[in-house]
Amino acid sequence: MGVPDTVKIAIVGPAHPYKGGMAQHTTTLAHRLSAAGHDTVLVSWRAQYPRFLYPGQLTVAEPEVALYPGMERPLAWYRPDGWWLTGRRLARQRCDVVVLSVVTPVQAPAYLALARAARAGGCTVVALCHNVQPHENRGPDEPLMRALLRRVDAVVVHSAAEASRAEALTSAPVQVAALPPHLPPPGRAPTGVTGAAGPQVPAGTEVLAEAAAAAGTGPAGPRHRLLFFGIVRPYKGLDILLRALAETGQQISLTVAGEIWSGREDLLRLISDLGLQDRVTMPGTYVPTTDIPGLFAGADALVLPYRSATASQNALIAFQFGVPVIASRAGAIADAVQDGVNGILCAPGDAVDLARAIRALYAPGALERLRAGVLPPVPGPLWDDYLAALGKAVSAGQYRPGEDRSRHVGPAAAPSGQRPLSAGAVLGRGCGAVPGRGGGAVPGRSGGTVPGRRGGAVRDLGCGARLSRGDGAVLGRGRGARLSRGGDAVFTGAVLGRGRRAIASRAPREVPAAAA
């Protein structure tokens with residue numbers, strides 16, 4: 001009998017109604033894996049993290065990419081019972097691979113519990129890290145990420161620099177996969193959406209549409225307008241761009257399209273001090289996917305003045321719309337930009353050099369030459385490479401030296417008509433085909449701790465697994481919140497109490513479905 005060429009994969013991460021690149025990437029990855037023939041499930045968050053950690057707009061009414069059929073949302077940051085149960089359920093559903101889309105270290109406690117339950121049931125767990133460490137690093141971030149990355153089978157990152165950071169935190173194999181584009185093609189709305197009543201335009205985006213219209217969209221001649229696109233955060237260097245703009249010709253203007261999480265008043269003060277009030281448009285609101293083509297149509301170039309960076313698809317978005325890019329040589333930001341061909345590169349953190357790059361854009365004949373050098377990305381091959389890299393990570397994680405790969409659930413437990421996968425299973429197709437999972441299980445690990453608050457710790461103790469924080473609470477509200485596993489009992493006693501009232505309790509040997 002031949003070897004099956006598919007695996008069952010669970011993708012765990014943000015998806016609609018969450019907005020932005022992370023949610024788009026998670027959903028598109030599920031679509032691509034499914035299109036490659038794999039049995040793919042998408043598991044998302046009902047509440048990803050406390051509101052105060054994300055000051056911008058969290059969700060959108062209309063999907064930004066096509067919804068993935070059958071998506072589930074069992075996870076919430078305040079329900080640790082759901083973390084464990086979700087991992088256990090994925091293992092019982094015979095998922096071969098669980099991919100955790102890691103956006104922030106705040107997710108680490110939830111992913112630790114989910115990963116332990118999934119690995120105990122025989123799943124290979126891969127951490128797909130969009131950022132190994134946040135750009136604005138906080139004290140607990142590194143210990144949390146170290147604890148998580150040491151308890152997965154493999155890690156996927158989007159740049160060589162991020163691979164170095166990950167390798168400093170874990171002995172698990174680390175695989176680099178270049179970030180592929182995940183936005184709909186120009187002029188095409190997301191498909192597979194039912195009951196859509198049209199996009200809701202947040203206040204302020206009308207200003208951006210008017211700016212694009214005023215700039216003109218004809219192919220000939222410069223528009224004398226630059227574009228800064230995305231959430232405004234200090235590491236992205238908008239202040240550097242403003243200082244550089246002040247050193248260029250008065251006819252050049254700037255559109256800042258994206259939310260401003262903090263420092264808006266400081267930016268407005270800087271704009272005033274530099275005399276740029278009439279040259280900068282900055283609504284400070286989220287830009288819906290449907291408004292993106294108009295923004296790029298009104299710009300001569302996208303500017304990425306980052307101080308530091310891991311990976312971004314913004315350059316690919318610009319190329320998708322035929323727009324050159326001015327970018328700093330920060331991290332992987334400049335990887336897609338060929339200096340003098342489809343864009344101009346400059347030194348990170350250097351307003352003088354950025355002003356030089358802007359002037360070079362408007363040198364006689366330069367803009368026309370750069371526009372001609374822009375080639376739109378072809379998503380298919382880029383995604384094939386991405387799936388192939390993911391397959392390599394899975395394969396490396398399954399066959400790590402010293403790992404016991406015997407699956408806890410025997411072959412007889414496989415779903416009807418589906419044989420257990422052997423070492424020849426494939427996670428990619430065509431030239432990117434990579435051996436997939438073997439028949440082995442991934443045993444749990446014990447003994448690791450993650451520093452918590454108020455002297456607490458997140459701790460893994462084998463059969464008596466318990467996650468605790470502070471005075472015994474697991475991200476609990478009130479006292480005594482506890483996630484325990486004794487023998488075959490999943491939960492014993494009150495789970496996640498709020499005040500003195502227990503929200504959930506489980507009798508020994510009862511294994512309920514994940515919290516809805």
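Predicted model: local features only at pLDDT ≥ 70, side-chain atom pairs only at ≥ 80, totals over all residues.
Biologist: How many helices and strands are in the chain?
Modeller: Both kinds of element are DSSP runs numbered from the N terminus, with helices (H or I) of at least four residues and strands (E) of at least two. On that basis, the chain has 13 helices and 20 strands.

Biologist: What percentage of the residues in the chain is buried?
Modeller: Buried means under 20% relative accessible area, with a 1.4 Å probe and protein chains only. Of the 516 residues in the chain, the buried share is 55%.

Biologist: Is glycine 121 buried or exposed?
Modeller: Glycine 121 lies in the loop between helix 3 and strand 5 (124-129). Its C-alpha is 8.5 Å from that of leucine 90, although the two are 31 residues apart in sequence. Because its relative accessible area is 11%, glycine 121 is buried.

Biologist: Are helix 3 and helix 4 roughly parallel or roughly antiparallel?
Modeller: For helix 3 (residues 108-120) and helix 4 (residues 141-149), the axes come within 9 Å and cross at roughly 15°. Angles under 35 degrees count as roughly parallel, and over 145 as roughly antiparallel. Helix 3 is therefore, relative to helix 4, roughly parallel.

Biologist: Which residues of helix 4 meet helix 3?
Modeller: Contact means heavy atoms within 4.5 Å. Ala108, Pro109, Tyr111 and Leu112 in helix 3 meet, in helix 4, Leu144, Ala147 and Leu148.

Biologist: How many charged residues are in the contact of helix 7 with helix 8?
Modeller: The axes of helix 7 and helix 8 come within 10 Å and cross at roughly 10°. The contact joins Leu238, Asp239, Leu242 and Arg243 of helix 7 to Leu267, Leu270 and Ile271 of helix 8. Asp, Glu, Lys and Arg count as charged, Ala, Val, Leu, Ile, Met, Phe, Trp, Tyr, Cys and Pro as nonpolar, and the others, Gly among them, as polar. By class, the contact has five nonpolar residues, no polar ones and, among the charged, two.

Technical notes. Residues numbered from 1 in each chain as written. Heavy atoms only, no water. Axes fitted to C-alpha atoms, helices over the stretch in contact; angles between N-to-C directions. Parallel < 35°, antiparallel > 145°, perpendicular 65-115°, else oblique. Buried < 20%, exposed > 50% of the residue type's maximum accessible area, 1.4 Å probe, protein only.
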